[in-house]
Amino acid sequence: MDTATHFAMGFGLAGLAYLDPVVASSPSLAAAVMIGTVIGSQAPDLDGLVRLRGTAAYIRNHRGVSHSVPALFLWTGAIFGLIQALMPQTSWLHLLGWIFLAVCLHVFVDLFNSYGTKGLYPFRDKWVALNAIFIFDPFIFAAHLVGFMLWAAGAHPGRSFLLIYLVIAMYYYWRCQVQKRTTELVRARIGKPGMYTIIPTLSWTHWTFVAKTEQHWYVGEVHSGDVAILDTFSIKPENEVIAAAKKSFKVQSFLAFTHHVHVETKERPFGYEVKWIDLRYRSRFQGKSHYMFVAVVHLDYELNIRDSFVGWIHRGEEQLAKKLDSKRQLG
């Protein structure tokens, strides 16, 4: 989820904690729990600091080990230790439990969008993305705002947020069921066995999809049950140019993150350009299909890597050319 929703969930859990009679009877503990749940709801995303090491490192690590099973306990212990150092609590087990719940909830809800996490690591070293909830969901955020207004108006925060989280749980179930039905619609439209990935958008009735069959990638949209195939790509075997380009650390980071990838090779005056595109992130730019998340490598005719780029391109090839100026690198 987005940062704002994680913050809202942190405060929401602080309200829910008033169902705990020990928390409800101690203003000091309630304050400590609020600090713990708010920090805990954000802590796993502190891995964003790895961006300082470059985009490739960020892509490879964001929502990776920081969202793993061992990290749940490490984040909880670190936050608990910090709070106990600043404002010691005798009912420390209650504080520890609510912090742990906040960290777990952060990782759990992140599993449901298209970006996903390594939330099952080390038991499973793969990204898990359930593709049922958009990264910012207005319903979930609005439900928390309702809870905060009830709290401010004098309603019992524990009972209010218990009801709200039950509603949100039912909402998650409904979205998962809709996602399954949409998957079957797309599968029936394409009519071939393969891997089908249905991706949520901000609208409840609009989904995008990526399907991989034996010979093709299909990219499209579903509007209110109507399936439209927008782009089709042939799957071609890897050649020596692609194999050489895959030695780039940036490409390896890209491929470690996504499996919905189409690769294109073009001959250029300086040699070759190899571009991988993540088919999940399609938009339109100047009337044409444009894939925003890419990895690009320029090689000379001896297959030496001369330049590379990985990241988001929102304004088409011109923006990419500015970021990846091979003439300057070869000069």
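How many aromatic pairs does a search of the whole structure find? The search finds 24, counting rings of Phe, Tyr and Trp (its six-membered ring) whose centres lie within 6.5 Å. The model is predicted: local features need pLDDT of at least 70, side-chain atom pairs count only at pLDDT 80 or more, and totals for chains, interfaces and linings use all residues. Residues are numbered from 1 along each chain as its sequence is written, and side-chain values use heavy atoms, without hydrogens or water.

Take Tyr-18 and Trp-151. Their ring centres are 5.9 Å apart and their planes stand at 70 degrees, so the pair is edge-to-face (over 60 degrees; under 30 is stacked, the rest tilted). Tyr-18 sits in the loop between helix H1 (3–16) and helix H2 (21–24), and Trp-151 in helix H7 (residues 138–152), so the pair ties together parts 133 residues apart in sequence. Helices (H or I, at least four residues) and strands (E, at least two) are DSSP runs, numbered from the N terminus. Tyr-18 is partly exposed at 26% relative accessible area, and so is Trp-151 at 24% (buried is under 20%, exposed over 50%, partly exposed in between; 1.4 Å probe, protein chains only).

Ring pairs also link a cluster: Tyr-115, Trp-127, Phe-254, Phe-257, Tyr-281, Phe-293 and Trp-312.

Now the sheet. Four strands form an open, antiparallel sheet in the order E1-E2-E3-E4; strands pair if DSSP finds at least two bridges between them. Strand E1 (195–200) and strand E4 (226–234) each have a single partner strand, so one side of each lacks a neighbour in the sheet. Seven bridges join strand E2 (residues 206–212) to strand E3 (residues 216–223). Lys-212 has Trp-217 in E3 as its bridge partner.
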